[in-house]
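I opened the model and kept notes while going through it. The entries follow the order in which I looked things up.

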Amino acid sequence: MEKSAVNLRDVSRFKILYCWFMANMPEVAVGVYNRQGYIDYDHNIRMDRGERAFILSICFCYYMRLGTFESRQKYLEMVEKLMGYPQKYMSKVLENEQLDYLSRMQRPKGCALNLALRENVFTCLVCLMNKLPIIIVGMPGCSKSLAIRLLVSNLRGRNSHDEFFRKLPELQLFPYQGGEACSSEGVLKVFERAENNKRHGSIPCILFDEIGLAELSVHNPLKVLHAKL
C-alpha cells in the first residue's frame with residue numbers, strides 16, 4: 001500500500017469550503033478573547049481574506065477529523081512549517097473564528113465556550129450551510145445537543161439576532177430520537193416531513209439523535225438511510 005494518498009472527495013470538499021468562506025466570512029480582525037469576554041485584537045497578526053479562508057478550509061477538512069490532541073498538533077506543526085507560519089498560528093486563527101461565531105449567538109446564561117462547544121458549533125454550521133454530511137461522536141455532556149440548539153435558535157434567516165446570521169439561510173430542524181423501538185417507517189416519516197414542510201429559502205436539517213441505540217432495534221431501521229443519504 002502507498003504511504004500517502006489523496007481522496008478526491010477531500011479535494012472537492014476543500015474547494016467547496018474555500019469558496020464558501022471567501023463569500024461568507026464575518027468581517028472581523030484576528031484576535032483572542034480576554035477574561036471579560038471581549039476580543040483583544042492582535043495587530044501583529046494580519047492576513048488577507050484568501051489566506052484566512054485557506055487556513056479555515058484546510059483545518060476543517062483534515063485537522064478537525066483527527067481523533068487525538070497529539071495527532072492534531074503534529075498536523076498543524078507540519079503545515080505551519082511548510083507554509084512558513086509562526087508556531088500555533090493556525091490554531092489561533094481557527095479558535096478566533098470559532099469564538100467569533102459563538103460571540104454572535106444568543107446563549108444560555110453560564111454557557112462555557114469550551115473546545116467541544118466551539119468545534120461542534122463551527123463544524124455543524126459550516127456543514128449545514130454547505131450541505132455536507134456530519135457525524136458528531138462524543139460522550140454525554142460534550143455539547144453535542146447544546147450546539148444544535150444554539151444553531152437552531154440563532155439561525156433564523158432575516159429574523160436572526162446578529163447581522164451576519166441574517167445573511168445565512170434559516171435552519172429548519174426535524175429531530176428523530178433513536179432507540180430500540182425505532183422502525184424503518186419512523187425514519188422514512190421524518191424525511192417525508194422534512195421534504196413536505198421545507199420553507200422557501202430555509203435549510204431542512206434532520207437530527208438523528210442517539211443513532212447507536214437505533215442500531216440495536218430488531219426492526220433494522222438504519223437500512224433505509226443508505227438511499228436517503
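**Entry 1. Overall layout**

I noted at the start that this is a predicted model. I counted the elements and got 10 helices and four strands. Reading from the N terminus, I wrote down the order α-β-β-α-α-α-α-α-α-β-α-β-α-α. I then looked up burial and found that 41% of the 229 residues count as buried. For contacts between residues at least 6 apart in sequence, I noted that 67% join residues at least 24 apart.

**Entry 2. H1 against H5**

I turned to helix packing, where two packed helices are described by the angle between their axes and the distance between the axes. I looked at helix H1 (residues 8–24) and helix H5 (residues 115–130) and found their axes 11 Å apart, at an angle of about 100°. H1 and H5 are therefore roughly perpendicular to each other, as angles from 65 to 115 degrees count as such. On the H1 side I listed Ile16, Leu17, Trp20 and Phe21, and on the H5 side Phe122, Leu125, Val126, Met129 and Asn130. Sorted by class, the contact of H1 with H5 has eight nonpolar residues, one polar and no charged.

**Entry 3. H4 against H5**

I stayed with H5 and checked H4 next. The axes of H4 and H5 are 9 Å apart, and the packing angle is about 80°. From H4 the residues are Leu94, Glu95, Glu97, Gln98, Leu99, Tyr101 and Leu102, and they meet Leu117, Arg118, Glu119, Val121, Phe122 and Leu125 in H5. The class count for the contact of H4 with H5 came to eight nonpolar, one polar and four charged residues.

**Entry 4. H2 against H4**

Which way do H2 and H4 cross? I found that the axes of H2 and helix H4 (residues 89–103) cross at roughly 90° and come within 10 Å. That makes H2 roughly perpendicular to H4. I listed Glu51, Arg52, Ile55, Leu56, Ile58 and Cys59 from H2, and Tyr89, Met90, Val93, Leu94 and Glu97 from H4. The contact of H2 with H4 divides into eight nonpolar, no polar and three charged residues.

**Entry 5. Aromatic rings**

I searched the whole structure for aromatic pairs and got 11. I took phenylalanine 60 and phenylalanine 122 as one case: the ring centres are 6.0 Å apart and the planes stand at 65°, so the pair is edge-to-face. Phenylalanine 60 lies in helix H2 (residues 49–61) and phenylalanine 122 in helix H5, so I logged a pair linking distant parts of the chain, 62 residues apart.

Tyrosine 62 is in the loop between H2 and helix H3 (69–83) and tyrosine 75 is in helix H3, so the pair ties together parts that are 13 residues apart in sequence. I have tyrosine 62 down as partly exposed, with a relative accessible area of 29%. Tyrosine 75 counts as buried, at 14% relative accessibility.

Ring pairs also link a cluster, in which I listed Trp20, Phe21, Phe60, Tyr101, Phe122, Phe164 and Phe165. For a charge over a ring, I noted arginine 72, whose charged end sits over the ring of tyrosine 63, 4.8 Å from its centre.

**Entry 6. Positive phi**

I checked backbone angles next. Most residues other than glycine have a negative phi. Lysine 131 has a positive phi, near 55°. I placed lysine 131 in the loop between H5 and helix H6 (144–154), and at 72% relative accessibility lysine 131 counts as exposed. Asparagine 220 also has a positive phi, near 50°. Asparagine 220 is in the loop between helix H9 (211–214) and helix H10 (225–228), and is partly exposed with a relative accessible area of 43%.

**Entry 7. Serine 183**

Last, I looked up serine 183, which is in the loop between strand E3 (170–177) and helix H8 (184–196). Leaving out residues up to four places away in sequence, serine 183 touches Tyr176, His219 and Pro221.

Note on methods
Residues numbered from 1 in each chain as written. Predicted model: local features only at pLDDT ≥ 70, side-chain atom pairs only at ≥ 80, totals over all residues. Heavy atoms only, no water. Axes fitted to C-alpha atoms, helices over the stretch in contact; angles between N-to-C directions. Helix = DSSP H or I, 4+ residues; strand = E, 2+ residues; numbered from the N terminus. Parallel < 35°, antiparallel > 145°, perpendicular 65-115°, else oblique. Contact = heavy atoms within 4.5 Å. Nonpolar A, V, L, I, M, F, W, Y, C, P; charged D, E, K, R; others polar. Phe/Tyr/Trp six-rings, centres within 6.5 Å; stacked < 30°, edge-to-face > 60°. Buried < 20%, exposed > 50% of the residue type's maximum accessible area, 1.4 Å probe, protein only. Lys NZ or Arg CZ within 6 Å of the ring centre and 35° of its normal.
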